[in-house]
Amino acid sequence: MTDSIGRPGKIIAIHLSYASRAQQRGRRPAAPSYFFKAASSVAASGGTVERPAGTELLAFEGEIALVIGAPARHVSLEDAWSHVASVTAANDLGLYDLRANDKGSNVRSKGGDGYTPLGPRLIDAQSIDPNDIRVRTWVNGTLRQDDSSSGLIFPLAQFVADLSQHFTLETGDVILAGTPAGSSVIVPGDVIEVEVDAPNAPGSPTSGRLITTVTQGSIPFDETLGSLPAVDDTQRTEAWGSAEEAGLTPAAPSGLSAELRAKLEKAPTAGLSAQLRKRGHHQCFIDGVAANIPGTKIVGTARTLRFIPARPDLFASHGGGYNAQKRLFDAVCEGEVIVIEARGDATTGTLGDILALRATARGAAGVVTDGGVRDFDEVVRIGLPVFSQGAHPSVLGRKHVPWELDVTIGCGGAAVQPGDVIVGDGDGVVVIPPSLAEEVVDATLAQEDEDAWIATQVEAGHPVDGLFPMNAEWRAKYEASRA
């Protein structure tokens, strides 16, 4: 081990890298993604970090830091670890109040002075197993994070090899390997300690405790110079780690009372559709879709997404970045059903495993799409109920542009508005106007009781003529049985 930590030329950090953090966030990346941090954000152990005036969501992230030794350019995965000279502890501090306007670059939200404490000591990287490095974080003496490099989605060497494809990693550059679950908000007066060690290596080398104390800033941001700090409950939930930790009451299942939801859970779509037809609703079916998980029943209120036909210029303006599809899957609430207008085209995927993870984490009741689903088997494994036209491996952009959300759409021949009641089972999916939901479900359940009584009579040997539907004589017998 050595105590010499110089100022790096580059600091490269990973957005999401631990399986535990991915599970917490409800999304698992297919490949690493990165952002730069300013060299001026580096701080030593024993220092302070300021929470700026007018902000509330400063969060800690204990991480393993890799310090590059020999320069690396186009190195192989097998050779990459030999270019890492040292390993130490890092605290990748970030201010969620400034995150939204940075759109993933994290320039301001993670670039502040003192936002990258490193140290206090370096561990010789070549003396330890890169798959057996532990990282732990304490806040005011309480252990908040405890994970190891074995919990990474991508091995540490992959970060080095991948980044070396794009630019030269120079001696002294630092790679921050991402944080595990447990990151949360800290306030002035809190003391954060991060330690990286290799407890199973000879001598159990350690970085020692990297100590940082939070202070309160007094200089406000100047509103004439740029966008100001802003937070909402989504940012609070992500910063704290959960709605409960943030002191927020988890949203109740949207749009439906517990009593109405319970009745809809009992009502079959066949019965609901019959009652809707009696009331003049003949286009209440979302045609051509079937459940990905046999026996699935979904009940919820609609959140809608509309795709339009693919066109290069429109996909360039609406398809990339934080598009309507991503915004909806990030915004769906517990008990809601995402309904997608894909123009009835089964030859393209309209969601995949990452979005399915996000919908599951948000508590969505399910998804209905009149298009296809990619990563079909993985979506089934995740357990998200999806009614679709089946599997298709294509990615977004082949046939569709995600255009807008929470508007009136047409899905499988049915008009669907945000807030409509969606019920799906083995017979299909029906759409119920909210104003009719109570009336329709009560009539459906009454009819189900009647049909069950008729079935017992048929099983007893009675002919269906006059019984189904019941004539006056059978009706009198039925009423007498109920009395």
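A disulfide, for today, is a pair of cysteine sulfur atoms within 2.5 Å. In general terms, a disulfide is a covalent bond between the sulfur atoms of two cysteines. Searching the whole structure for such pairs gives 0 disulfides.

Before I go on, a word on the source. This is a predicted model, in which local features need pLDDT of at least 70 and side-chain atom pairs count only at pLDDT 80 or more, while totals for chains, interfaces and linings use all residues. Residues are numbered from 1 along each chain as its sequence is written, and side-chain values use heavy atoms, with hydrogens and water left out.

Next, the strands. A strand here is a DSSP run of E with at least two residues, and strands are numbered from the N terminus. Two strands pair if DSSP finds at least two bridges between them.

There is an open sheet of 6 strands, in the order β2-β1-β13-β6-β7-β10, with mixed pairing. Its edge strands are β2, residues 34-37, and β10, residues 123-124, and each of them pairs on one side only. Strand β1, residues 11-14, is antiparallel to β2, with 4 bridges between them. One of the bridged pairs is Ala 13 with Phe 35 in β2.

Now a hairpin. It is formed by β11 and β12, with 2 residues between them. Val 139 has Thr 142 of β12 as its bridge partner. In the turn, Asn 140 has a positive phi of about 55°.

What does Thr 215 touch? Taking contact as heavy atoms within 4.5 Å, and not counting residues up to four places away in sequence, Thr 215 touches Thr 48, Val 49, Glu 50, Arg 51 and Pro 188. Val 49 is 166 residues from Thr 215 along the chain, yet their C-alpha atoms are separated by 6.0 Å.
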